[in-house]
Every structure is written in structure tokens, then in C-alpha cells.
Amino acid sequence: MGVLDDGFEALLEPFYNGKKLTDPISTKEDKYQLLPAFLKVKGLVKQHIDSYNFFVQQEIKDIVRANRSIRSDQEKDFWLEFTDIRVGTPTRNDYSDFKARDEVTPMECRLRDMTYAAPVVVDITYLRDRKKIVRKDIPLCRIPVMLKSAKCGLSGATNAQMEIMNECPLDPGGYFIINGTEKVILIQEQLSKNRVIVEADEKTGGVSASVTSSTHERKSKTYVILKKDRIVLNHNVLVEPIPIVIVLKALGGLSDYEIMEMVAGGDARYQDDFLINFDEATKAGVFTQQQALEYVGSRVKMGGPKKGRSMAAPRRSPVEEGLDALANLIIAHVTIQDLDFYPKAIYIAMMVRRVLMAAHNPKLVDDRDFVGNKRLELAGQLLSLLFEDLFKMFVASLKGNMEYFFKKPNRTSAYDPVGPISSQGQYITQGLNRAIQSGNWSVKRFNMNRAGVTHVLSRLSYIAALGMMTRISSQFEKTRKVSGPRALQPSQWGMLCPSDTPEGEACGLVKNLALMTHITTNAEEEPVKNWIFSLIPGVEPIRMFTGTEMHKPGSYIIHLNGTPFALTRYPKQFAARFKTMRRRGHISPFIGIHINEHFSAIHIATDEGRICRPYIIVKDGKSKLKDEHLRLLQLGKATFDDFLKRGVIEYLDVNEENDALIAIREDDVNHSSTHMEIEPFTILGAVAGIIPFPHHNQSPRNTYQCAMGKQAIGAIAHNQFNRIDTLLYTLVYPQRPMVITKTIQLIHYDKLPAGQNATVVVMSYSGYDIEDALVLNKASCDRGFGRCQVFRKYTAELQQYPNGRKDRLGGIQKDDEGRTIAKHACLDKDGLAVVGYRVHSGETMVMKETPIDQTSTGIGSDRGSDDFRPAAINYRIPDPAYIDKVMVSNTEKNTAIVKVQTRQTRRPELGDKFSSRHGQKGVVGIIVDQEDMPFSDTGLVPDIIMNPHGFPSRMTVGKLFECLTGKASVVAGRRDYGFGDAFRSHPVEEMGKVLIDHGFSWEGKDYFTSGITGEPHEAYLFNGPIYYQRLKHMVQDKMHSRSRGPRAILTRQPTEGRSRDGGLRLGEMERDCLIAYGASQLLLERLMISSDGTQVDICERCGLLGYKGYCQTCQSTSQVTQMTMPYAAKLLVQELISMNVGVRMQLEDKFPHPR
Amino acid sequence: MPHKPPTKEELERRKIVGIHEETVRDVTSTDFPGHYPGEEHSWDIDAFRRGFRVEFHQNAPFEASFSLIGVDASIANAFRRIMIADIPTLAIETVFINNNTSVIQDEVLSHRLGLIPFKAGHEGLHKFLKWWRKPTDESQINNSYFDFNTVSLRLEVKCEHNEAASPNETDPKKLYHHAHVYASDIEFCPVGRQDKYFSGADSIAPVNPDILIAKLRPGQEISLSMHMHKGVGSDHAKFSPVATASYRLMPVIRIDRPILGADAEMFARCFPPGVIAIDKVSHKEAAQKGSGYEGHEGEAKAVVADPMRDTVSRECLRHAEFKDKVTLGRRRDHFIYLVESAGQWQSDAIFLEAVAHLKKRAQDLEKQVVNMVR
């Protein structure tokens, strides 16, 4: 058993929270302890890691097995086979025999801008000189390694080992490091594959069933459409929709009677509706299978998917075409064995039946937004798609290489594939790296081209990083204005966080996982197939039945991953047996089963990407979770998986949830209950979990906090000062919140907090607190409240040029008197800034110089200058900073890299943004001296004064509760009072009692004296500790003004933006106001004189631009006048002229001179 | 209607700030001229002398509690404000860092050092040391430091392995030398006449030697020197001589109608212990007609024992049992001060200094007013 220092030990400790080992345990109170146990085995980023592990350990082998052999067209008896593929542990790419170690840590990769990747080796067998040669461990490529995955050095590391590797023990992992940047592959949400979805078309009243077939080879979509009473089948390869009866006839030559039976069964309504379709076949003259295949085959698109086929292949007959299309293209995921089309016919008949049923009863139309109809795609799946594509390309290019070799008429040696494998394998490495780096996922065989799959891991705060790992992005278009996919779905309960979604265009499309969500990986179908027939007697393969039998009332079709597989008349018994076997551990716990009464179907799902969640099993009105289970858990003698095997807990996916009656609390359990929640607050995600009393807040407030928690400055990781991030914000004195939640402990927010407990008084003060502004105590700021640090990275890479010249670091420049020039004040002799020195704007930090000559070859007389041009890295921010770190190292390409980190320490100032954990943000309106602040009887002076107008409209009662609970826990000195878990009872009574016992008012409102007049305030003031977050928006980074400054080159108008010292734009709407008001001179000044006014010479005769008082066109100076016009207008005129559009300006004197 | 002079009760009533369930009433004093028709309330030194009293409750070096009775809130508040913001103390103002390889950044370390309170000999601190003013010309800054305005300190710590530690030791404090840097590691470097004033027990040293400044690990080192100057709390909180100084008004609890029996117990529980005592209704009281005690002889009754201990939580106003039976208030002119010294001054001396400071400020103002009128 591994060392247990994964941070959860505190929660499992028996004396935790004042509880002792001997204290009584009640399942009602303590069942939340299953949660840390769950997060230990599964947890927030485990889905990424599981998925990646599945890919590198299993999927990659399957992919290679599927594409294992290469044969030469030239040399008929040569073959090569990949027998195995293995992924190693991360190594340095620049490893050589001179270096002692080649294993690499993630930290080294981050600092040296390397890729954290592991070598992939293959075993091959091939024929040489008619002998079978076996070669092992041939390097193929390198694949990026996910942090904390099975291949990563961090997996299973103890805290001490993590420390040695300079890694934060609380880092979630689950991301990649590509060229030094941390990249996350976001979870992608999709409609489920290989499942039939029935939809109604609102406009035409038609109904259609569609299925996206996804196999390793191809992905395609098949439709069965009911339109104007006719049913047709459509698919991408078909030129036009084909009447359904023809398709069914083509599939095994069924008789009309058989077709009718399979589609409609004994139901007269459906028979009547379907009858008309036979006419279509008759009209088309299709009666036999041969005719049907001919009909289908002649409507298969030429070219299209058959590109792969070599041109030499003979042209096939329509029958062959039809057979091929039906067998391999249409509904491709139902495989055809021995030309037995019956399963496929059943499948299509089922789709037809679903369409007919939906036409009769609109309630039977499927909901696309139902979470059970969705699948989540994770890093492992996306990587395997990409890898398979790249591997196929690799095989093709290896074959090309081989053919090229065999084409040679006289070969000097036998073909050795080892070299080409390693060299061609580079393309796999590059392809994987590029995809993760850029986020552009392009898989040729599926015509998939997705952008923005990966994102840079946001390290603004610990919560931001964690929130990114649980984020789900939807494939849905952001621009379309439909509410369906954005709305909160009831089936999201417990699976996706109801609060954590961004505001604005991505609202509702970007979601987050809830705390206990698990995403399934693919499970083997074969064992399940065997179990289906052995569970109860009376389950027979569907192949054996006719349509009548299938659709007889009381008969249930068992679907395996959406495909009809077996038939039974005892659905309840079957499902119960299945579940029993699953609870006993014979069947994988992640296989879902549910009964659909509407379609008389049992659905068993083993596929990957289903969202599921654990529940406590309830039987006969009694929870299966007993005190002794929790006791074992506390003693560390049982894990979550043990409970799974013992049938105490099971996973339910969204579909199976619909068959369950789940009690939320133990008190709610009754005799029909089947399950019980482990803990209701787990319906929220990790980010929403830091809000205390969220169930007392207006719901949008929780959503706002979810967005703001990610901008809060605090501690980002334990290794934050070892990392060199582009931009890093840290708080000097972060504090654990006074009022926490269990989620906070579980995600270790209390160890890496982002905020401080401020003593808040709610009152209006000074008038500088309107519109949510805050009043801050100056003495608090003096003592370190809200003090934060900003670190910035500056990188310089010393490149090597093709001609052998290199960038270099220059020395300090001196002036005539031998003193260092001011610009180089903080440089050392080596041309790098000195750690601890203060840099001001314009000063040099890295004195890099590049060779002027970068192109000459140096051969013969082709030698360029030996001089260097300065390419220094200067500090450009107006406020000075200190040099925090200077790092010099080598990249993988063996070029030197210099990273300089600067540091600023900032105290809160006017306009800095703060927020509590209840979506209540505000800027500092005034900073007041301590003596001016109100004080209580005990001498307490607030850190922050908040305006009471913030409460009525926002309805953030949770904030009041946080304050009250925090105050009670402070005055009593009891940490265990400070819990604000969601959906637990509210604390007012209890906490009021504690306050009274300590001499305070029960409602938290105390007598205060004005610090200005010395007289009492006429009202009692609500006060107590509230956790305040300092947000990253600071005045210092935004303050900007300009009176004069740089202009853009092209238009000569002032530049835009603070970074370019730009002007403030008087925009169109402002212009409209001035026009309406009639301030013409002001307009003239703003839009021309203060912007891009230019003196131009214009010829009054021809209306064209002249030069220096002379008109080139008229060859005269007589009528050339000088005038001022916007340079942009002058530019437009000239550009138009250059395009052969004549522009002539007619001048008129508004105030003519008397001549 | 001829004006009647106010009765004694009326005068007493005017001195009470009303404490009600949701509001505080009569917060401002009314004893100024022109407020009551026909009454003369202009300030009179004799009347003030007659009414003014000081009572001491506690006088520890770091914490003093005393009452000022018979002054106006404006004066009382002025003292409080002066104590927080205007009494000068000596604190670290400039830090010169030679080397700092600890994990704490230079600015943060300096900030922490600045907040450490120091103590020193009284004479040297208050008589010898003068203000330091930053010269307007930055280049002259090194010519502005003298023994009478700058105190020099040093902190030189280096963390090393402790060879004597047992191999299984995990406590860093035992495993290494100087794993923790404390305020006591700061060294005072006397210059010039400072030896005379700050030696022996009068030496400049941190009030609390155990303030943790930084944590080090072997190989890390802090080497810096510091300058201390005199400053005031209005410039930076580190110069404030008090942790806080505040006052509260004397609570008044008036039991209007008897609270008897179990109610009395409950009433006592509404207050901090010791505020309300339980007494027996005496024979005499029971005999008195109209007192509300008739027939309750020997029963428990609530009496006000020590109102000063009350925290004014208003708990008794919440209960219907005590409706109209009790009136809460606070004496407007009775200020119970609490001065918590940060250590450089004796807590009571801070107040005396505040009085002196206010006096000096008043004299300065007088001078200016006289000048202005002339």
C-alpha cells in the first residue's frame, strides 16, 4: 500500500473536527466521509488521467494491432509487422551518453521550455533473406505525457518525492507540457455515437431518426425520414433518399410480410401508416433483393468515400456497389458477418418503428439536450483519434519508403526498416506536439477539423487551474440564438455544476463537472454479451425471432450499446439480475442498464464518455451503508472500491438514474427508494464549492462568484516561487477562510487560499462608497491587508543562425566619463540584470545582441560583417519592479535561454477591485485613516466598510450568514463552527446563541461609535469577518492618459491602446452627440486638429493634390491653395487614384477675401 | 410662561444616550448655549471642575483602562484620535539589504521588520531623539543621518546544519541553527551619544523578542542593516504607539418595574455575569404599596450590580417578559477608555502625552488666532 500523504488523510483521520475514534458514528451525519474516499480513487482530474492511461496502455496497442502489417507491392514476399508498442517514461530528448540521467521532471520542462514527452518503442518482425527477423524496442516517436498519469514520474509520488521534483503536491495534474507551456485538452461534449435519436421537424411536421455510426475506420450519419407519410433512408453516400422498403428488401430479401412484421409488429396503427411505403417499391419496380440492390447501388455516389481504392481496381456492378454500401457504409457500426444482413435489417426496422411511434405520439421524440444522450470526449480519446490518423500516415510513408527501396534495380544490401521507422516516426511526434500546441485537431479520415481543443492552463489562482480541469466545452455554435442547449437541464443534477458557467456568449455552453462525476472509459462488450444469455433463462438472441415476436406486448428487446441484441419476456427480472451481478463485481461497475417502457427495451451501455455518479444503495427502505462501513473507512481498512464490490455503493449513469428513486437525505428514505445521495452538496462543482451557504444566495450570484473566484489573487501552488510564469499574481499574506465548506477541504483550497478574512462593517460612510465601492482602513493596508505581488517573465533565447553565427550577451555600455549609462544601471558584467535590483521603465534587463550578418555562408569571400546589433530586452512598464530571478539554461535545441522574472509588491489603492465569495464585487472608493473609522465597544475597527445598498437587490443572504457564522466562530474560538456547506441547515439560531454567550447581539449588529465625531451611531451596525478576494484587475495596470504621443505610421492618427501610449478615441456615438449638439468647432478640433490634420496643396483648377505649391497636372502654381485636411482622407484620395478612381476636390472659399 | 430651571432628574435624563432595540437615540449632547430656552449652558471652567472626575480601573504596562467623567464627546474623541495617530514612536523606516537569500522577498521582509514594535529608555526616546526629515535633495540623504535622529540596527543571520542534531530529528528548529529568525536576532548598533541613552536596560530592543520574522534553511542567509526614525501613526500604522485605543460609554440599566422569580434569573442571563445580581425581595419592599413587590416577599428579584461590565448586547430587549420593565442607556459624559500599548510607551503615559499634545496644539492654534486678529 502506498504512502497515504495525498492530502485526504486529514479528512479520514478519526479525530478530525474534534471527533474521536470512540465517538459514535451516525451514517446520517458522517456519510460525507465517503466523498474524500471517492475523490481518492476517482476525483476531479482523474477522468483525464484515466482516459489518458487507457490510451497509452490499451488503445495505442489496439490501434497498432489494427494497422500492424505492411506488405510491399514490388517485393511480393516481403512483409513487416508491428507486434507490440509500448510507451516509456518521460525522458530528455537531448539525452546523450555523456549525461548521467535521462529521466526528466515536469518542472525542468517548464523552466527549459521543453516538451514533457516519453519515447514510444515498437517491436517488429520482418523478413530478410527469407528469414524472420524479430527486433525489439525500436524507437518510433515521442508522445506528450499527461502529468500524474501512469507514465508520469509524479504518479504515486509521496509529498517528499514531489518536493524533490520541485512539484506542488496539490497540483491536480491532467495537463501536458509542450515547449514549456502547460496545455489542457478540454473535455468535449458531443451527442452520443451509435445511438438512434428521433427528432421532429417543427416546420414540415416530419419526423426523422438519425444515427451517427462511429467505427475506427469511418464516421457517418444515417437518417430515416418520415415526410408526407413516406419513409425514406438517407446517407451521405447516397445520391438521393431511398424508399425504406427497398432498403429493407436489399437487406436479405425479406418478404413484404416480414418487413411489415419487423416494422409494425401486430399493431394495426403502425401497419396502416407503413402500408403506403410498399407502393414506393412497387412503383420503382423493386420486388426482389437483386432488384433492390441494383436500385441502391445505382444511387451510391461515385468517387466520394472510394478514393482510397486504387484506380486499377475493376469497375463494379451496381449490385456490388449496393452490397458494399449497405454492408460497410450505411449504419457502419452494425457489422456484417458472412453476408448476414438480418441484424442490420432489424436495426433499420427499429429506426423506422421509432419514427412511426414518434409520429403517433410526439412525446416519444428524443431530447438532444438530455445529458443521457451526450458523451464526453476526453484527452485520451482525442489523442487516440489523432494517433491513429498519424500512425496510418506513418505506415503509408513507411511503405512509400520501402517501395522506393525495392524499386532500385540493384540493391546493395537487404532492406532494414529500423532506420526509416525512427525517421518517419518523427512525423507522429511533430503531429501530436503541433496539435496539442495549437489546439487544431485535424483527423483526415473523419474529415474532422476542430480548433480550440486545447487551452493554456490558467495559473491565475489555484481555483482557476482546477476549474479548467473540470471544464466541458460544447461543440455547439456560440453565435446561434437558441436557448435549448444553454438551458439548465434537469438531468444535469449531480453530474454538471448548476452554477459554474460563464456569462455572455458561452453561457450554458461551457459547463463544469460536479464534484462526484465520473466519466466512463470503454468496457469490453464480449463479456457482457455472455452475461446477457446466462443471467436468467428466457433470454434468446434477437436473430432467432421474427418481427411479430419481437414486438409482441411484453417482449423486451435488449439493446447493447444501442443495437438490438436479444429478446426477453422478463425485463424486470433480467435487469435486477444484471444489477446484482454488477454489485457483486462480476460485471464492470461502469456498465449501465436501464429499461425503457415506451419502446419495450432494455438498454445496456458499455461505451466510453458516459457521465455517471456514485450512490448509496437502498434496499427495503434501509440504506446499505452501515456504521461499521464508516468505521472501517476511518480506520483506513477499507477504500471506496471495497464498498463498490460489497454492493454498498454503485455508479448510475444519467439514463439509469431515471429508473431509480433517490433519497436526498437519510430521513427521506422510504420503501420505494432505491438509492440515497452520498452528500447533496456534491451537485456543485469544485469552483462553486468554495461559496459558503450557496443555497441562501440568489442563483446568479453563485454564478458570478464562480467567474470571479478564478480571478482572485492568492497562492497558486506550493512551488509558486520556483516556477517562472509569464504572469503570476500572489497574495503576501493569504488566509484560510473563516467559514469554509467541506468542498474547500476536499480540493485543498484551505491550503492554497486566495483571499483574506476582512472585518467588515455594513454601513454607509463618506459617500465614497456608492455603486458598490468599498471603504478601506488605511491601518489595515499598512499592516498588510490585500498586499499582493505581481511577477512577470521576460525571455530571451540566444539563437544560432544557419551560418553558424550566434546571438550573444553584450556587456554594459559606458559613457565618455567611464560611468555606466543609466539604461544599464541594473546590469551585471555578464549582461544580465542583478537579482534584487530595482528596474525602471526603459532599463535593460538582458543585453542580448544579434549578429548583423545572418545569411552569408562564410565560404570564400562571402563573409558578412562581424558586428552585432543590440537586441536588448528592456523593462517597459511605467512602475518600477525588482529583479526576482534570473535563469540561464539550454533548450532542447541546445540554444541558450535566459529568463528574467521581475517582481512588484503592491498595496491596495483607490480603484483596486475586491470581491466577497458571493458575487459581490466592488472597487476601493476611499482609504480612510484608522482614527476616522467607527469603533465598537471592544475597540474593534473594520478593515472594510461595505455599503448596505449592496444587499436588498442582490439577495445574498449567504454573505450575511457567512459573516454571522464567522463572527461566532471567532468569538468562541471554535473552528468547527465555521462551516457553510450547501444544503445543510441554516445557522442563525445556533450562532446567535454563541454570540449572546459572548456578550454580543444575537443578530450580529453591535453598537458603534463614530470615529469622526466621537458620538454613537444611531443604528447598530452589522459586523463580522467576511472572506474577501483581491481580484487581478488593478488600477496600476490600467491607468492611462495622454496629451500627446505616438502616431500610427499609415494614417498618422494617434495609436490605440495603453501599451502603445495611445489616445482616447472619440467614437462614432460621441461624434453623433456633438453633431446633434452643434459643437462644430469642437468636432473639428477632436477629429482633425488633435488627430491627423495635414497641410496639403490642392490645385483649384484640376482638384488634384499638388506639391510645394505646384500642380504637376496643370504644370502651374497659379491656382494651388494650401489647406488642412485629415491625413486619412488624403490617404483615401491617393489610394483611390492608385486604383484608377479619379478623385477631384472642388474648393470653395467660405469667407471670400475682398480682392 | 416663566422658565423653570431643570430639575435634577431632567439634567440626569439629558445625560443618557437611549439604547433601544433597533436604534440608539439622543446621541448628541445638548448642553450648549441656546438649545434650551432660558437656560445658560456656556462652558464654565468651574462647572467643569466640579463635574470632572477620573477613575482608574486597570493600569498595566500594556493595557490601561480608566474613566473620564464629565467631558464632552469631542474632547474624549480627540484624545483617542491623538493616541492612535499623533503620538510619535520609533520604528524601522529604512532597510538596507546586503544579502537576502531567504524565501521572503526583500519588500515583504522590510515590511515585516517595520511592523515590529521596539522599546527603549524613556529619556533617550523622548528627550534625546528628534525628528528626521528626508532632505529635499535626494543626494544629500546620507548627510541627514545623525545620532539624535537615526537609530541603526542590524540583522545578520545564517542558517546552518546542526551537527549535534540526532539523525531522526524532524523539527527544523533542532535540525538547523537559525531555522527561525526572531525579532530578538535584531542587533542595536549605537552611534555617537546613543551609548549614553540606550545602554543596559534602556537599550533599543524589540518589545516581543519572539516575533517570527522569517524561516531559513541551510545555506540561506539574511544580512541587512536598518534605520529607525521617529514617526506618527497618521503616516503609517507602524508608528502608532497603541494596538488600539478606544472608549465606550458607561452603560445604564434601569429596572422600572420589578423583575421577579424565574424571570429574574433569565434577566441575569441576558447580561454578562456580574452585571445583574439576584436579591431577595425584602419585607420592607413587599410592604410598600405600589412598588410592584406586594406579596412577593422572599422571592428573587433582579438588581443592577455592576453596569460597567455590561457589553450592551440588548438581549433583554428581545424578550417579551421584560417589555416596559427595563430601560437601557449609556451615560453620555462617562467615557471608559481602553488603551492597549504596543510597548514603546507605558499605556497610561500615552494618554498623558495625548493630553499634552492636545494642549500644545490648542496653544499653537491660540497663537495663530491671536496673530490673525492682530
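Me: What share of the contacts in chain A between residues at least 6 apart in sequence joins residues at least 24 apart?

Reply: The share is 69%. Two residues count as in contact if their C-beta atoms, placed from the backbone, lie within 7 Å. This is a predicted model, in which local features need pLDDT of at least 70, side-chain atom pairs count only at pLDDT 80 or more, and totals for chains, interfaces and linings use all residues. Residues are numbered from 1 along each chain as its sequence is written, while chains are lettered from A and ligands numbered from 1 in the order in which they are written.

Me: How do you know how many helices and strands chain A has?

Reply: They are counted as DSSP runs, numbered from the N terminus: a helix is H or I over at least four residues, and a strand is E over at least two. Chain A has 30 helices and 52 strands. Its C-alpha atoms fill a box of roughly 100 × 95 × 80 Å along the principal axes.

Me: What makes helix 3 of chain A count as mostly covered?

Reply: Of the 8 residues in this helix (residues 34-41), 7 are buried. A residue is buried if 20 or more other C-beta atoms lie within 10 Å of its own, exposed if 12 or fewer do, and partly exposed in between. The buried residues include A:Leu34, A:Phe38 and A:Lys40. Over chain A, buried residues make up 43% of the 1155.

Me: Why is helix 3 of chain B called roughly perpendicular to helix 10 of chain B?

Reply: Helix 3 (residues 73-85) and helix 10 (residues 347-373) of chain B pack at about 110°, with their axes 9 Å apart. The axes are lines fitted to C-alpha atoms over the stretch in contact, and angles run from 0 to 180 degrees between N-to-C directions. Angles under 35 degrees count as roughly parallel, over 145 as roughly antiparallel, 65 to 115 as roughly perpendicular and the rest as oblique. The pair is therefore roughly perpendicular.

Me: How do you know which residues of that contact are nonpolar, polar or charged?

Reply: Helix 3 of chain B contributes B:Ala78, B:Phe79, B:Ile82 and B:Met83, and residues from helix 10 of chain B include B:Ile350, B:Phe351 and B:His357. Ala, Val, Leu, Ile, Met, Phe, Trp, Tyr, Cys and Pro count as nonpolar, Asp, Glu, Lys and Arg as charged, and the others, Gly among them, as polar. The division is 9 nonpolar, 1 polar and no charged.

Me: What makes a set of residues a nonpolar core?

Reply: The members are buried Ala, Val, Leu, Ile, Met, Phe, Trp, Tyr and Cys residues joined through C-beta atoms within 7 Å. In the largest core, of 295 residues, A:Val296, A:Ile348, A:Val355 and B:Met83 touch the most other members. Its largest share, 13 residues, comes from helix 12 (residues 342-360) of chain A. Leaving aside residues up to four places away in sequence, B:Met83 touches, among others, B:Val242, B:Ile350 and B:Phe351.

Me: Which residues are buried in helix 26 of chain A?

Reply: In helix 26 (residues 988-997) of chain A, A:Met991, A:Val994, A:Leu995 and A:Ile996 are buried. What covers them includes helix 25 (957-972) of chain A. Just after helix 26, A:Gly999 takes a positive phi of about 80°.
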